[in-house]
Amino acid sequence: MGTDNSAGARIGVDVPDARGRVELDREGRDLVRNARVRILGVEVLASDWHVLRKTTYEYTRLDGSRSIEHRETYDRGNGATVLLYDLEHRTVLLVRQFRYPAYVNDHADGMLLEAPAGLLDEDDPATAIRREAEEETGVTIGSLEHVLTAYMSPGSVTEVLYFYAAPYTDADRSGRGGGLRSDGEDLEVTELRFDDALAGIRRGDIVDAKTIMLLQWAALEGPFASGS
Ligand SMILES: Nc1nc2c(ncn2[C@@H]2O[C@H](COP(=O)(O)OP(=O)(O)O[C@H]3O[C@H](CO)[C@@H](O)[C@H](O)[C@@H]3O)[C@@H](O)[C@H]2O)c(=O)[nH]1
Ligand SMILES: [Mg+2]
């Protein structure tokens with residue numbers, strides 16, 4: 001966390017960071033829902049694109065003893081994702097894109113095959129996923145089904161992800177997709193047979209958690225469940 005040397009002001013706390021944000025250290029200070037947790041302090045470690053905080057709290061353990069704990073949390077807001085499926089042709093529409101965090105952590109080339117997804121920004125989850133599906137795949141979603149909601153990495157990432165499913169046909173593929181070039185996005189829209197996508201999980205070709213969850217949901221109790 002940088003400081004303004006002249007006044008010792010903290011960027012993103014006392015003075016605006018690059019995105020104009022201040023008081024980023026307020027998040028979580030007023031949490032009282034869990035009587036076993038008493039928030040003692042919140043420190044902003046970084047505020048560039050998203051926000052990394054270090055929170056200190058007193059925790060009452062199961063045996064009644066208390067301990068002081070520190071947790072770093074990466075806050076990039078919440079997100080939404082959708083499985084676009086074509087029942088008649090038994091296909092799904094995924095996007096392939098470069099994911100640096102996977103690349104730096106042993107993925108062969110960082111080109112991950114994923115369900116379309118995006119951050120909510122200021123929108124509600126359903127509005128956000130309609131926008132992202134259009135931007136990333138060119139599909140205009142009609143009916144939309146909420147499937148589940150999950151914390152994807154609750155040990156360190158605050159994000160909650162809203163999962164949806166929606167049918168598509170060729171006629172719904174009005175745009176080109178590919179994402180927003182201005183945001184550095186460069187996505188390849190990929191239509192796969194559903195069974196090939198499932199096999200891709202087994203082979204280790206599909207390694208993105210939200211995509212695996214949606215495909216397994218579709219096989220277990222979604223549009224491609226046996227008997228449906
Ligand atoms: N400059 C800059 N840009 C960033 C940074 N991190 C992300 N971006 C930009 O922020 C945008 C995020 O794109 P979205 O489509 O809104 O989000 P996403 O990365 O696809 O995230 C989705 O998938 C994630 C992984 O499963 C989910 O975590 C997330 O909730 C969402 O569903 C992209 O344009 C990306 O280039 C950063 O550190 N710096
Ligand atoms: Mg995206």
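Trainee: In this predicted model, is the crossing of H3 and H4 left-handed or right-handed?
Mentor: The two elements to look at are helix H3, residues 194-203, and helix H4, residues 209-220, whose axes lie 10 Å apart. Viewed as a pair, these two helices make a crossing whose hand is left-handed.

Trainee: How many of the residues in the contact of H3 with H4 are nonpolar?
Mentor: On the side of H3 the contact is made by Phe194, Ala197, Leu198 and Ile201, while H4 brings Ile212, Leu215, Ala218 and Ala219. When these residues are sorted by kind, no polar and no charged ones are found, and the number of nonpolar residues is 8.

Trainee: Turning to the ligand, which strand gives the largest share of the shell around ligand 1?
Mentor: Two strands, S6 (79-86) and S9 (117-119), each supply at least two residues of that shell. Among the 13 residues around ligand 1, those that come nearest are Trp49, Gly79, Ala117, Gly118 and Asp183. The largest share amounts to 3 residues, and the strand it comes from is S9.

Trainee: How many residues of the shell around ligand 1 are charged?
Mentor: There are 13 residues around ligand 1, and they can be sorted into nonpolar, polar and charged ones.

Trainee: Is Thr127 buried, exposed or partly exposed?
Mentor: Thr127 sits in helix H2, which covers residues 125-137, and its C-alpha atom is separated by 9.5 Å from that of Ala80, a residue 47 positions away along the chain. A residue needs 20 or more other C-beta atoms within 10 Å to be buried, and 12 or fewer to be exposed. Because Thr127 has 13 such atoms within 10 Å, it is partly exposed.

Trainee: Finally, what percentage of the residues in the protein chain is buried?
Mentor: The protein chain has 4 helices and 12 strands, and its C-alpha atoms fill a box of roughly 60 × 45 × 35 Å along the principal axes. Out of the 228 residues in this chain, the buried ones make up 25%.

Technical notes: Residues are numbered from 1 along each chain as its sequence is written. Chains are lettered from A and ligands numbered from 1 in the order in which they are written. This is a predicted model: local features need pLDDT of at least 70, side-chain atom pairs count only at pLDDT 80 or more; totals for chains, interfaces and linings use all residues. A residue is near a molecule or strand if its C-beta atom, placed from the backbone, lies within 6 Å of it. Ala, Val, Leu, Ile, Met, Phe, Trp, Tyr, Cys and Pro count as nonpolar, Asp, Glu, Lys and Arg as charged, and the others, Gly among them, as polar. Axes are lines fitted to C-alpha atoms, for helices over the stretch in contact, and angles run from 0 to 180 degrees between N-to-C directions. A crossing is left-handed if the near helix is turned anticlockwise from the far one by less than a right angle, and right-handed if clockwise. Two residues are in contact if their C-beta atoms, placed from the backbone, lie within 7 Å.
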